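Start at the sulfur atoms, then move to the helices around them.

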Amino acid sequence: QLSCLLKMVTLHGIPKDLDSYPKELLLFLSPSDYAATGNCTQFFTNVGKANVDFLPREAPQRQQLLQGALSCLGVAGRQLSQEQAELLGWLLCELPGEHISTSGDTLLRALGHCGSFLPEQEEAIRDVLRTGNTTFGPPAAWSAFTLRQLSRLMPVLGHSILQQIPK
């Protein structure tokens, strides 16, 4: 339905007030089509706020949107800044494990908002946490407060990390 609505809305080009439409509509718009309206950062910020459930996890649009967002934000290599991570919104949940490993602590809190992870993403999160080079410190120093902060990542931690946490 959103795809059909988008066709109707864009029948005579991209409307100037496209940002006032439901953000989920943008999930079906090609980033290159939106580029004609100007600000790609605004486009991807709006996409990052859309309800990701409108696109299945396997949908190619998810990776296309991620690649467009990384390009727009000027992400060179695999490391993201805190600002770039915040702008990505749910697109952050699509990042490959190597981006998570390289960006380290920068992404951990934001990744807690993801509904699920691919195995390579889970392993990257565990690798980052195992190093202890995060604001949370090493697992052996974690407290109940730390665990509350990491609550959404708990299913990812794995046995090796859970064993290190003090009782």
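A disulfide here is a pair of cysteine sulfur atoms within 2.5 Å. Cys-93 and Cys-114 meet that test, with their sulfur atoms 2.0 Å apart. The model is a predicted one.

Where do Cys-93 and Cys-114 sit? Cys-93 lies in the loop between helix H5 (82-88) and helix H6 (97-103). Cys-114 lies in the loop between helix H7 (105-111) and helix H8 (119-131). The pair therefore ties together parts that are 21 residues apart in sequence. The torsion about the S-S bond is -90 degrees, and the link of Cys-93 and Cys-114 is left-handed.

Is Cys-93 buried or exposed? Its relative accessibility is 10%, so Cys-93 counts as buried, because buried means under 20%. Cys-114 is buried too. The relative accessible area of Cys-114 is 8%.

How many disulfides does a search of the whole structure find? The search returns two. Cys-40 and Cys-72 form a disulfide as well, and their sulfur atoms are 2.0 Å apart. The torsion about the S-S bond of Cys-40 and Cys-72 is about 90 degrees, so this disulfide is right-handed. The bond links distant parts of the chain. Cys-40 belongs to helix H3 (residues 40-49). Cys-72 belongs to helix H4 (residues 60-72).

Cys-40 has a relative accessibility of 28%, so Cys-40 counts as partly exposed. That class covers values between the 20% limit for buried and the 50% limit for exposed. Count the bonded cysteines along the chain, and the disulfides follow the pattern 1-2, 3-4.

Now look at the helices that Cys-40 and Cys-72 belong to. Two packed helices are described by the angle between their axes and the distance between the axes. For H3 and H4 the angle is about 140 degrees, and the axes are 10 Å apart.

Which residues make the contact? H3 brings Cys-40, Thr-41, Phe-43, Phe-44 and Val-47. H4 brings Leu-65, Gly-68, Ala-69 and Cys-72. Both cysteines of the disulfide between Cys-40 and Cys-72 are in this list. By class, the contact of H3 with H4 has seven nonpolar residues, two polar residues and no charged residues.

Next, pick out Thr-134. This residue is in the loop between H8 and helix H9 (144-149). Its relative accessibility is 12%, so Thr-134 counts as buried. Leaving aside residues up to four places away in sequence, Thr-134 touches Asp-105, Leu-108 and Val-128.

Finally, step back to the whole chain. The protein has eleven helices and zero strands. From the N terminus on, its elements run α-α-α-α-α-α-α-α-α-α-α. Along its principal axes, the C-alpha trace spans about 60 × 30 × 25 Å. The protein has 167 residues, and 42% of them count as buried. Take the contacts between residues at least 6 apart in sequence: 52% of these join residues at least 24 apart.

Technical notes:
Residues are numbered from 1 along each chain as its sequence is written. This is a predicted model: local features need pLDDT of at least 70, side-chain atom pairs count only at pLDDT 80 or more; totals for chains, interfaces and linings use all residues. Side-chain values use heavy atoms; hydrogens and water are left out. Helices (H or I, at least four residues) and strands (E, at least two) are DSSP runs, numbered from the N terminus. Buried means under 20% relative accessible area, exposed over 50%, partly exposed in between (1.4 Å probe, protein chains only). Axes are lines fitted to C-alpha atoms, for helices over the stretch in contact, and angles run from 0 to 180 degrees between N-to-C directions. Contact means heavy atoms within 4.5 Å. Ala, Val, Leu, Ile, Met, Phe, Trp, Tyr, Cys and Pro count as nonpolar, Asp, Glu, Lys and Arg as charged, and the others, Gly among them, as polar.
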